[in-house]
Amino acid sequence: QVQLVESGGGLVQAGGSLRLSCAPSGRTYSRYAMGWFRQAPGKEREFVATISASGANRYYADSLKGRFTISRDNGKNTAYLQMNSLKTEDTAVYYCAASMGIVSRVEAGYDYWGQGTQVTVSS
């Protein structure tokens with residue numbers, strides 16, 4: 001069984017930066033595509049970014065491309081989400097997910113989920 005734990009969330013001012021981490025626990029975690037999603041109060045969970053198992057392929061939500069960067073450390077089997085130029089509308093709970101298949105932009109494409117980490121952007 002694979003467990004994912006997100007960290008790095010917190011309160012930042014608009015225009016600031018934050019880096020989220022997603023660390024696996026339990027069995028050895030490797031060769032999984034990884035994704036980040038977020039959910040703001042009163043809204044549905046939405047796609048943020050995804051990265052292939054090799055790290056060669058990366059995709060982003062159109063509205064976030066250029067501000068957010070997804071990466072991974074294969075040596076540590078850890079995924080990251082670097083968030084720059086943060087806006088108040090980025091406030092949400094951010095979730096890490098792992099896929100046993102290929103990269104996906106939809107929730108159904110993922111097999112494991114973390115519990116989420118809160119990101120709050122103030123003006």
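Tyr 110 is buried, with a relative accessible area of 6%; buried here denotes under 20% relative accessible area, exposed over 50%, and partly exposed the range in between, with a 1.4 Å probe and protein chains only. The model is predicted, so that local features need pLDDT of at least 70 and side-chain atom pairs count only at pLDDT 80 or more, while totals for chains, interfaces and linings use all residues. Residues are numbered from 1 along each chain as its sequence is written, and side-chain values use heavy atoms, with hydrogens and water left out.

Rings of Phe, Tyr and Trp (the six-membered ring of the latter) are paired if their centres lie within 6.5 Å, and planes under 30 degrees apart count as stacked, over 60 as edge-to-face and the rest as tilted. By this rule there are 5 aromatic pairs. In one of them, the ring centres of Phe 37 and Phe 47 are 5.7 Å apart and the planes meet at 75°, so the arrangement is edge-to-face. Because Phe 37 belongs to strand β4 and Phe 47 to strand β5, this pair ties together parts that are 10 residues apart in sequence. Strands (E, at least two residues) and helices (H or I, at least four) are DSSP runs numbered from the N terminus. Both Phe 37 and Phe 47 are buried, and the relative accessible area of Phe 37 is 1%. The rings of Phe 37 and Tyr 110 are also edge-to-face, because their centres are 5.4 Å apart and their planes are at 85°. This second pair links distant parts of the chain, with Phe 37 in strand β4 and Tyr 110 in the loop between β9 and β10 (112–113), 73 residues apart. One aromatic cluster is formed by Phe 37, Phe 47, Tyr 110 and Trp 113.

A charge is assigned to a ring face if NZ of Lys or CZ of Arg is within 6 Å of the ring centre and within 35 degrees of the ring normal. Arg 45 lies over the face of Trp 113, at 5.1 Å from the ring centre. Arg 45 also lies over the face of Tyr 95, at 3.9 Å from the ring centre.

In soluble globular proteins, nonpolar side chains tend to be buried together. A nonpolar core is defined as a set of buried Ala, Val, Leu, Ile, Met, Phe, Trp, Tyr and Cys residues joined through side-chain atoms within 4.5 Å. The largest such core holds 32 residues, of which Met 34, Trp 36, Leu 81, Met 83 and Tyr 94 touch the most other members. At least two residues of this core are supplied by each of β1 (2–7), β3 (18–26), β4 (33–39), β5 (46–51), β7 (68–73), β8 (78–83), β9 (92–99) and β11 (117–122). The largest share, 5 residues, comes from β9.

A covalent link is also present. With a disulfide taken as a pair of cysteine sulfur atoms within 2.5 Å, the count comes to 1 disulfide. The sulfur atoms of Cys 22 and Cys 96 are 1.9 Å apart in this disulfide, and the link is left-handed, with -80° about the S-S bond.

Thr 117, in strand β11, is buried at a relative accessible area of 11%. The side chain of Thr 117 reaches the backbone nitrogen of Gly 9 at 3.3 Å. Contact means heavy atoms within 4.5 Å; leaving aside neighbours within four places in sequence, the contacts of Thr 117 include Glu 6, Leu 20 and Tyr 94. Ser 52, in the loop between β5 and β6 (58–60), is likewise buried, at 11% relative accessibility. Beyond residues up to four places away in sequence, Ser 52 touches Tyr 32, Ala 33, Asn 57, Arg 72 and Val 103.

Ser 85 lies in the loop between β8 and β9 and counts as partly exposed at 41% relative accessibility. Phi of Ser 85 is near 50°, a positive value in a residue other than glycine. Glu 44, in the loop between β4 and β5, is exposed at 71% relative accessibility. Apart from neighbours within four places in sequence, Glu 44 is in contact with Arg 38 and Gln 39.

Definitions and conventions:
Polar contact = N/O pair within 3.5 Å; in protein donor to acceptor, adjacent residues only side chain to side chain.
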